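Me: I am new to this structure and would like to learn how to read it. Please take the features one at a time.

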Amino acid sequence: MLQTKWKLATIFTLLLILLIGNTAYARNPADNFFWSDVVPMPSCSTSPSRDGGLVIDGKKVKVELPTCEEAKKNRVIVLVNGQYLHTVFGSGAEPFIENGWTMIPLKALADAFGFEVGWEQSQEKITLKKVNKNIIMHIGKSEMLVDGKNVNLGKAAPTIKNNVTFLPVRQLAEILGVKVDWNGNTRTATFTNSK
């Protein structure tokens, strides 16, 4: 019964986003994210059992949903040029804060800022290419190369969590000339293209 309610709630939420929002798109549904001009709602439970379920690769997986209070306290909202990042619950692609840095999925960052992504597994090397930018990063290393010049990320480093690659987005945005704002009350990271 709870699973049916969650399925209906998820379908209703997605339809609401599509109907109310001016834009909702996912370039590749397998990426587990999409952009919309509607603020994302946290996935949570008001039920004491908090049990839920997902179907991943055709298999039912049980999940324990956070309380709505926990979900609101821990979520990170990402807003890029008026579009909110929405992630599929249970995909492991939810943005998070680590050492004071906003970490967002590599594929979402590349989509938002128009990068072509390269990956070399043997070196855990990420290459981001754009018309006049070439950025090279490595998993777990706080240095990156930007057009051949070393840039230190401080305490932040690309990481892999839940089989999803995450990048510290603030310095990358600043390198691209994107204005960055953080609202601690709503836990919203806002990125606005200055061009």
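**Reading the model**

Reply: Arginine 187 counts as partly exposed because its relative accessibility is 22%; buried means under 20% relative accessible area, exposed over 50%, and partly exposed in between (1.4 Å probe, protein chains only). This is a predicted model, in which local features need pLDDT of at least 70, side-chain atom pairs count only at pLDDT 80 or more, and totals for chains, interfaces and linings use all residues. Residues are numbered from 1 along each chain as its sequence is written, and side-chain values use heavy atoms, with hydrogens and water left out.

Me: Where is arginine 187 found?

Reply: Helices (H or I, at least four residues) and strands (E, at least two) are DSSP runs, numbered from the N terminus. Arginine 187 lies in the loop between strand E16 (178–183) and strand E17 (188–193). Its phi is positive, near 55 degrees, and the residue is not a glycine.

Me: Is asparagine 163 buried or exposed?

Reply: Asparagine 163 counts as exposed, at 80% relative accessibility. This asparagine sits in the loop between strand E14 (159–161) and strand E15 (164–168), and has a positive phi of about 65 degrees.

Me: How do strands of a sheet pair?

Reply: They pair through backbone hydrogen bonds, either parallel or antiparallel. Two strands count as paired if DSSP finds at least two bridges between them. Here an open sheet of five strands, with antiparallel pairing, has the order E9-E10-E11-E12-E13. Strand E9 (116–120) and strand E13 (149–152) are the edge strands, each pairing on one side only.

Me: How many bridges join E9 to strand E10?

Reply: Five bridges join E9 to strand E10 (residues 125–130). Tryptophan 119 has isoleucine 126 in E10 as its bridge partner.
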